[in-house]
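This briefing covers side-chain contacts that join separate parts of one chain. Please keep the sequence and the model open while reading.

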Amino acid sequence: MSAITTVATAATSVAIAFGIGFLMQHGAAAPADTDAEARAQDGTAVRSVMMSRNTVGDAVFGVPTAEIMPTTPINNIQTVAAIEMQYAEHAVPDMGTIYATPFGECQSQLAASPKPVATVELIVTAPCKAESSFLIKHNGLVFAGITDETGSATLNVPALTETASFAVSFQNVEVAKVSLDVPDVGLYDRAVLQWRGSNFLQLHALEFGAGFGDTGHVWSASANNATMATTGDRGFLVRLGAQEAEIPYVAEVYTFPSGLRNRDGQITLQIGAAVTEENCARDIKAQTIQTNAGKMLIGKDISVRIPSCDQAGESVMVADIYQDVTLVSR
C-alpha cells in the first residue's frame with residue numbers, strides 16, 4: 001500500500017469517528033446505558049490509554065513519525081513547605097551508663113572473698129546462664145569456665161596484685177566485676193602460662209636444683225598443694241580453665257612462698273609441651289606473666305615450636321622463657 005493510500009485511509013477513519021460522535025450526541029437518542037452507573041461506582045468505566053516512547057519511533061496506524069522528548073527531571077520537582085528537624089548525628093543526646101547485665105531475675109553477679117596463700121574465691125551467679133561458658137579476667141590472666149545447671153560457678157584464683165580486680169563475661173560481654181584487697185600477695189612469687197585451645201602445655205618449676213621427677217619438681221601432676229606454701233616449705237601449681245568451654249582459655253599458675261622462706265636458692269621455670277597428632281609440626285601461641293612479691297613484671301607473648309609428627313607421644317621442654325626465681329636469705 002502506498003503512503004498516499006495510508007494517509008487517505010487514516011483521514012477517512014478520523015472522519016467516520018467524528019461522524020459517529022456527532023450522531024451519538026445530536027442524533028436519535030441512543031439506548032440508555034444501564035451499566036454506566038455501575039461501572040462508575042466500581043471503577044470499571046472505560047478510560048483511554050496513551051503509550052509513547054522517549055525516542056524517535058516508527059509510524060503507528062499511519063500517524064507520521066514523531067520525536068517524543070523526555071521530561072526534564074527538574075520539572076518533576078515539587079516544592080513543599082520547609083520542615084524544621086534535627087539530625088541525630090549532629091545533635092547526639094546525652095548518654096547515661098549502659099549496663100550489659102539486665103536487671104531483674106537475669107542479673108548476673110560476681111562475688112569475691114580472700115582466702116589463704118593470697119588466693120581469691122570467686123562465685124559467679126548467672127540465673128539465666130545455666131551450663132554456659134564464661135571468661136574470667138584478672139590483670140592479664142584469662143581463663144574459661146562453665147556454669148552448672150543453676151547458672152553458678154565457684155573458683156579459687158591466685159591473686160597477682162594486692163588490689164585485685166576480676167571481671168566475668170559471657171559471649172564476650174562483660175556482665176559483672178569486683179575488686180578487693182589481698183594484703184598477703186607480697187609474700188609470694190608467681191608465674192603464669194596461659195594459652196587458648198586443647199594444646200597440651202605445662203608449666204614446670206624445678207626448686208633448688210631439683211631434676212625432673214624429684215621432690216622439688218612442681219607441675220600439674222605433682223602432689224604439692226597450697227598447704228605446703230603456707231609453711232614456706234615448697235611451692236604449688238594450680239590449673240585454671242575449662243577446655244570444654246566455647247572459648248577454651250587455659251592457664252597454669254605456679255606460686256612460691258618467697259616471703260616465708262629464709263634461705264638462698266634458685267627456682268628454674270620451664271615450659272613443657274606434649275607432642276600430639278593435633279599440634280605436631282606447629283607453632284603454639286601462648287602468654288607468660290611473672291610477679292615478684294606482688295609486683296607485676298612484663299608479660300610476654302611466646303611461640304612454642306612443636307616437633308614433627310613422627311615424635312607424637314613425646315614431650316619437649318622449652319627453657320629461657322621465664323626469669324629464674326632467686327632467693328636470698330635475710
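The points below go through disulfides, salt bridges and aromatic pairs, in that order.

The model is predicted, so local features need pLDDT of at least 70 and side-chain atom pairs count only at pLDDT 80 or more, while totals for chains, interfaces and linings use all residues. Residues are numbered from 1 along each chain as its sequence is written, and side-chain values use heavy atoms, with hydrogens and water left out. The structure holds 2 disulfides, 3 salt bridges and 2 aromatic pairs. Helices (H or I, at least four residues) and strands (E, at least two) are DSSP runs, numbered from the N terminus. Buried means under 20% relative accessible area, exposed means over 50%, and partly exposed lies in between (1.4 Å probe, protein chains only).

**Disulfides**

- A disulfide is a covalent bond between the sulfur atoms of two cysteines; here a pair of cysteine sulfur atoms within 2.5 Å is counted as one.
- With the bonded cysteines of the protein chain numbered in sequence order, the pairing reads 1-2, 3-4.
- C106 and C128 are joined with their sulfur atoms 1.9 Å apart.
- The torsion about the S-S bond of C106 and C128 is about -70°, so this disulfide is left-handed.
- C106 sits in the loop between α2 (36-42) and β1 (109-115) and C128 in the loop between β2 (119-125) and β3, so the bond ties together parts that are 22 residues apart in sequence.
- C106 is partly exposed at 30% relative accessibility, and C128 is partly exposed at 45%.
- C280 and C309 form a disulfide in which the sulfur atoms are 1.8 Å apart.
- For C280 and C309 the torsion about the S-S bond is about 70°, so the disulfide is right-handed.
- This pair links distant parts of the chain, with C280 in the loop between β13 (265-274) and β14 and C309 in the loop between β16 and β17 (315-318), 29 residues apart.
- C280 counts as buried at 7% relative accessibility, whereas C309 is partly exposed at 35%.

**Salt bridges**

- A salt bridge is a side-chain nitrogen of Lys or Arg within 4 Å of a carboxyl oxygen of Asp or Glu.
- R234 and E207 meet through their side chains at 3.5 Å, N to O.
- R234 is partly exposed, with a relative accessible area of 25%, while E207 is buried at 2%.
- E252 forms a salt bridge with R239, and the closest N and O atoms are 2.5 Å apart.
- That pair links strand β12, which holds E252, to strand β11, which holds R239, across 13 residues of sequence.
- E252 is buried at 0% relative accessibility, and R239 is partly exposed at 39%.
- D283 and R305 form a salt bridge at 3.3 Å, N to O.
- D283 belongs to strand β14 (residues 283-292) and R305 to strand β16 (residues 300-305), so-called distant parts of the chain, 22 residues apart.
- D283 is partly exposed at 38% relative accessible area, and R305 is exposed at 52%.

**Aromatic pairs**

- Rings of Phe, Tyr and Trp (its six-membered ring) pair if their centres lie within 6.5 Å; planes under 30 degrees apart count as stacked, over 60 as edge-to-face and the rest as tilted.
- By this rule there are 2 aromatic pairs.
- The ring centres of F134 and F170 are 5.8 Å apart and the planes stand at 50°, so the pair is tilted.
- F134 lies in strand β3 (residues 133-138) and F170 in strand β6 (residues 163-170), so the contact ties together parts 36 residues apart in sequence.
- F134 is buried, with a relative accessible area of 3%, and F170 is buried at 3%.
- The rings of F208 and F256 have centres 5.7 Å apart and planes at 65°, so that pair is edge-to-face.
- F208 lies in the loop between β9 (201-207) and β10 (217-218) and F256 in strand β12 (residues 249-256), and the pair links these distant parts of the chain, 48 residues apart.
- F256 is buried, with a relative accessible area of 0%.
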